[in-house]
Amino acid sequence: EEQFIAVFGDHNQPTYKEALDSYYANGPAENWANQFISAYASMHPWEDFAETFASYLDLVSVLETATNMGLGEPFDPQSTEFDVMLNRYQRFGVVLNELNRDMGLKDLVPEVFVPAVSNKMQYAHELVRKNARRD
C-alpha cells in the first residue's frame, strides 16, 4: 500500500465520494496532462490507477497483436523491460497515427506518456510481473 500511495497518492484523503463530488463540481485537476493519463484519472488515486492500468493493458495488447501479425519483435511481458515495451508501442503509435491522418481520421493512439504517467505504467508492469506466475 505504501508504494501505491507513493506512486498514485493517498486513496484515503480525500475519500472517493469527496473526490468524485469535487471532480464533477470543479472539473479535472489543473494541468492534469502533466501527471495523468486522462482528465478523469485526476479525480482520485483509484481512478488514476484504473485508467493507467487500462492503458497498460492496451499497450500489451497492441504489442502482442503486432507481434502475431509479423510487425514486431517477439516479446513476453513477463521478461521484457517496460522501457522496451513503451518504446515499441510509441513507435507503432506514430506509424498508426500517421496512417490515420493520411486518411483524414483521428489518431488511433491518442495517449501521451509524460514521465509521471510512464512511471505509473512502470508500477503496473511490475505488479503484473510480480503476480503473473502465482497459482
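Where is Asn100 found? Some notes, starting there.

1. Asn100 sits in helix 4 (helices are DSSP runs of H or I with at least four residues, numbered from the N terminus). This is a predicted model, in which local features need pLDDT of at least 70, side-chain atom pairs count only at pLDDT 80 or more, and totals for chains, interfaces and linings use all residues. Residues are numbered from 1 along each chain as its sequence is written, and side-chain values use heavy atoms, leaving out hydrogens and water.

2. With a relative accessible area of 17%, Asn100 is buried (under 20% relative accessible area, 1.4 Å probe, protein chains only). Not counting residues up to four places away in sequence, Asn100 touches Leu105, Lys106, Asp107 and Leu108 (contact means heavy atoms within 4.5 Å).

3. Ser118 belongs to helix 5. Ser118 also counts as buried, at 12% relative accessibility. Leaving aside residues up to four places away in sequence, Ser118 touches Phe82 and Leu86.

4. The largest nonpolar core has 20 residues (such a core is a set of buried Ala, Val, Leu, Ile, Met, Phe, Trp, Tyr and Cys residues joined through side-chain atoms within 4.5 Å). Helix 3 (45-68), helix 4 (82-102) and helix 5 (115-131) each supply at least two residues of this core. Tyr56 is among the residues with the most contacts inside it. Beyond four places away in sequence, the residues that Tyr56 touches include Phe82, Met85 and Met121.

Terms used: Buried means under 20% relative accessible area, exposed over 50%, partly exposed in between (1.4 Å probe, protein chains only).
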